[in-house]
Amino acid sequence: MNTALIFAVALAQAGHAFQMPFGSDKGGVDPWEKAGFSSEEAEACKKADLKPSAASSWREAGFDCPQAKEWDAKGWRSGGAREWREAGFTPATAAEWKAARCGAGEARKLVDAGMKPAELEAWSKLRFNREDAARWKKAGLAPASALEWRKAKFGPEDAGRLADAGLDIAGTMQWKELDFSLSDIPSYAKAGISLAQARNWRLTGFKLDDALRFHKARITPAEAELWDKDAFNPEDAAAWKLAGLDHEGAKKWRGQGFDSERARELHGLGLDLPTIEEWKAAGFPLETAVLWRKAGFSLTGATAWKQAGFTLDMAGAWGQAGFDSASTAGEWSAAGFALEPAAAWKGAGFSAADAVSLTKAGFSLENAAAWSKAGFSSADVLVLTKSGFSLEAASQWGKAGFAAADAAAWSKAGFGVEDAGVFARGGMDPETALAWKRGGFAPVDAVHWAREKGYALERARAYRAAPKAEKLRFLVEDLKPDTGNAALRMEIIKLGLSLDAPPSVPDDAKRFMVRGVEGVKDATNEGEFRSVAAEFQNAADTAPWWSKAYYNLALAQDKAGLHAEAVESMKLYLCAEPDAPDMEQAKELMFKMEYRRDRAARR
């Protein structure tokens, strides 16, 4: 008897209830255990609604119970499921292909060609069997397109390559008519080579591979022929062309022992073969020339820096510091400045010569820059500081309009900036101004006498010291060369009025007056009255304080049509005769003259 059964009977007799593990069958042996399933596996299979026999079949096919359930749900048996799974299908995709009446192997080929079950019908309608459909599909063609290519007697592989190269049937036939093979045509087309270009490549004797390589290098058949003739392969030709050289130039560089990469480097630096020789002739070996060129120097520049005593590193450093030429840098270096202080002085706007002068005079860059910022040149700074000017004082003189040398001269003569300004604006130099100052004249007075009245110092001193009557004589003399000076005439009139006794009228003035009065008697037109006015004018010039002369002059001028002049002469009369008994009548006459003046102006 079974050991487990004996054990169970013994327990029952002892009053114990007992349940067989896994749920035993009638014979007491559990079918899952009998089938070799563990308790966990049995539970999984039960959840999948599988019986022990079915679970065993699926397990033999390589499926666990959850997998078996998934395939079983799609209607698969273990044997068929294994075949489809081994072909790489899921239960769902396998079911789709099976519904399309395909076996696992056939479906695999179709899938590998990129086919989907739903597409089979379209291919079938165009009378493609599944094997052919797979080939055309794998070639990348749609059913309708594949049909056209097949009608033109092209196989799927050739048609796929041609279509992938962008060719249609008509275009392909043009290539074929010129005897291009179906294997070569797609290569030409994919490379962007037109039929005409391909024909040229063939005519120049280039096979497909070389033609493609030269074309990739953007070299035409005619150019390729020249490169090929000089034994340059396509890649070499491309490299030389990239270096900016044609085949003749490349041949020369190669003849000098340069490869394309080195030639490209040198060519990019502006060093062609003749230029290299120029650098060598100037004392620069090739590698040295390369270094100078990389640093941005031309041959002329490099030579200049070298002749100025600068190495490449020094030239580069000075150049980066803002010294744009060897001559400029050389000036600073020759002046004894190192790079850093030279750059500082130059950056502040100073030349090397100025910097030398200022440093010798004891200026720091800071002080020199302060003067420069205030608008003073280096030469001015030296002049001013030598004369004892501070920056503040120098600025005051500068604002007053004095150049450095002038400021120094005025200061040396003992003038402050204000007095110097008055004298200078009056047209005097420091020496002349000093003489007037020593003569006791204030700046404004000195300018008045010298500039406005035109007096020399001695005449001004004499006038100032003279009594009023004598001063009147001075002024009358001043009027003779300047009879039109109304201000001077007015000054004479006022001085005459201020005298204790009216000045006597000279006989010459009286004679002119009499002549004028006589002329009035005979004058009948403007021209004659102008002659009369001239007589009265002479009387007024000879005795410019004489009121009667101005009155008669005004009347004659008015009759002569000189109304504006008449108004001015009447004003002088009113000034010379402030207490005239005919004051109101004179004013009325003047107003009438003004009217006639304005009326004439409007005409």
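Helices here are DSSP runs of H or I with at least four residues, numbered from the N terminus (strands, E, need at least two). Keep that in mind and select Ser-260, which sits in helix 20 (residues 260-268).

Before you click further, some ground rules. You're looking at a predicted model, where local features need pLDDT of at least 70 and side-chain atom pairs count only at pLDDT 80 or more, while totals for chains, interfaces and linings use all residues. Residues are numbered from 1 along each chain as its sequence is written, and side-chain values use heavy atoms, with hydrogens and water left out.

**Stop 1: Ser-260**

Is Ser-260 buried or exposed? Buried means under 20% relative accessible area, exposed means over 50%, and partly exposed is in between (1.4 Å probe, protein chains only). Ser-260 has 16% relative accessibility, so it counts as buried. Now show its contacts (heavy atoms within 4.5 Å). Leaving aside residues up to four places away in sequence, Ser-260 touches Ala-239, Trp-240 and Ala-243.

**Stop 2: the disulfide**

Select Cys-45 and Cys-65, which form a disulfide with their sulfur atoms 1.6 Å apart. A disulfide here is a pair of cysteine sulfur atoms within 2.5 Å, and the structure holds 1. Which parts of the chain does the pair tie together? Cys-45 belongs to helix 3 (residues 39-47) and Cys-65 to helix 5 (residues 65-73), so the pair ties together parts that are 20 residues apart in sequence. Look along the S-S bond: the link is right-handed, with 50° about that bond. Both Cys-45 and Cys-65 are buried.

**Stop 3: helix 11**

Next, select residues 143-151, which make up helix 11, and colour the buried Pro-143, Ala-146, Leu-147 and Trp-149. Turn the view until you look down the helix axis. The buried residues fall within an arc of 165°, so they line one face of the helix.

What covers the buried residues of helix 11? The cover includes helix 9 (120-125), helix 10 (130-138), helix 12 (156-164) and helix 13.

**Stop 4: Thr-172**

Hop over to helix 13 (residues 169-177) and select Thr-172. Thr-172 is buried, with a relative accessible area of 0%. Not counting residues up to four places away in sequence, Thr-172 touches Trp-149, Phe-154, Leu-162, Leu-167, Leu-182 and Ile-185.

**Stop 5: the core**

A nonpolar core is a set of buried Ala, Val, Leu, Ile, Met, Phe, Trp, Tyr and Cys residues joined through side-chain atoms within 4.5 Å. The largest one has 168 residues, and Trp-84, Trp-97, Trp-253, Trp-292, Trp-305, Trp-332 and Trp-436 touch the most other members. Helix 41 (residues 563-576) gives the most to this core, with 7 residues. Zoom in on Trp-97: its contacts beyond four places in sequence include Trp-84, Phe-89 and Cys-102. Cys-102 counts as buried, at 5% relative accessibility.

**Last stop: Ala-435**

Finish at Ala-435 in helix 33 (residues 430-438). With 34% relative accessibility, Ala-435 counts as partly exposed. Draw a line between the C-alpha atoms of Ala-435 and Ala-446: they are separated by 9.8 Å, and the two residues are 11 residues apart along the chain.

Key: The arc is that of the directions from the helix axis to the C-beta atoms.
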